Amino acid sequence: MRLLLSMNDPTSEKSVKALLETEGYHVHVIEQDNQLLNTVAENDFAALIMDLPTPAEHGVQLLRQLRETSTLPVMVVTPQKALAVKVSVLDIGADDYVQVPFEVEELLARLRMIIRRSAGRASRIIALGPLRIDEGKREVYWQGQSITLARREYALLVAFANHPDQVLTRAYLEQVVYGQRDEVDSNALEVHVHHLRRKLSAMLIDTVRGVGYRFNTPEGDE
């Protein structure tokens with residue numbers, strides 16, 4: 001899952017990026033300027049994490065501009081203690097915020113919440129017929145049985161499950177699985193798809209030649 005990270009403090013940026021990558025997210029870092037708006041418009045991210053330092057005027061203005069053109073979920077990280085600032089940030093369009101210093105688990109939980117909410121799901125559970133994915137625990141069940149997936153297999157399956165019956169391009173799926181890496185082996189994606197077909201069902205994923213893959217909503221109950 002791809003996240004956009006925009007923070008003014010290099011030390012905080014580095015630590016937050018490392019934390020998110022440890023959790024399996026692919027993180028793209030960008031300066032907090034007008035280029036951020038173009039990056040959001042031209043790419044597909046699950047959420048934006050941005051800080052609001054003191055003073056917060058520039059970040060607030062940037063958030064206001066972002067909300068004029070995008071519904072991307074936004075998590076604000078701020079040292080601001082004033083209630084008026086927090087209320088203003090939420091009113092402008094932030095989906096949630098955490099105050100520095102924050103607990104790691106709280107940041108991750110709130111991030112998962114705004115991503116689920118943007119996808120129209122109140123729960124961290126993705127349930128499609130006999131397929132069940134618990135994103136909170138990173139557990140996958142197929143026909144009631146626990147399935148062990150490698151990290152990239154899991155990322156690929158979640159991407160498919162969030163877009164059932166849709167054709168997803170190779171480029172999009174490679175970004176989901178590998179992030180911003182410059183080079184990806186030509187058959188790497190096929191290998192992960194093969195593993196998912198073998199561990200779940202060969203009928204779940206169709207190859208759309210010249211485009212990418214389609215994940216078919218599995219039939220039946222768990």
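How many bridges join strand β8 to β9? The close-ups below cover this and more.

**View 1. Strands β8 and β9 run antiparallel.** Strand β8 (residues 139-142) is joined to β9 by 3 bridges. Y141 stands opposite S146 in β9. Two strands count as paired if DSSP finds at least two bridges between them. Strands (E, at least two residues) and helices (H or I, at least four) are DSSP runs, numbered from the N terminus. The model is predicted: local features need pLDDT of at least 70, side-chain atom pairs count only at pLDDT 80 or more, and totals for chains, interfaces and linings use all residues. Residues are numbered from 1 along each chain as its sequence is written, and side-chain values use heavy atoms, with hydrogens and water left out.

**View 2. An open sheet of 4 strands has the order β6-β7-β8-β9.** Its pairing is antiparallel. β6 (125-128) and β9 (145-147) are the edge strands, each pairing on one side only. From one strand to the next, the twist averages 20 degrees. Helix α6 (residues 151-161) packs on this sheet, touching β6, β7 (131-134) and β8. Contact means heavy atoms within 4.5 Å. The direction of α6 makes about 115 degrees with that of β7. Axes are lines fitted to C-alpha atoms, for helices over the stretch in contact, and angles run from 0 to 180 degrees between N-to-C directions.

**View 3. An open sheet of 3 strands has the order β10-β12-β11.** β10 (167-169) and β11 (205-208) each have a single partner strand, so one side of each lacks a neighbour in the sheet. The twist averages 30 degrees from one strand to the next. V167 stands opposite R214 in β12. α6 packs on this sheet, touching β10, β11 and β12. Helix α7 (residues 170-178) touches β10 and β12.
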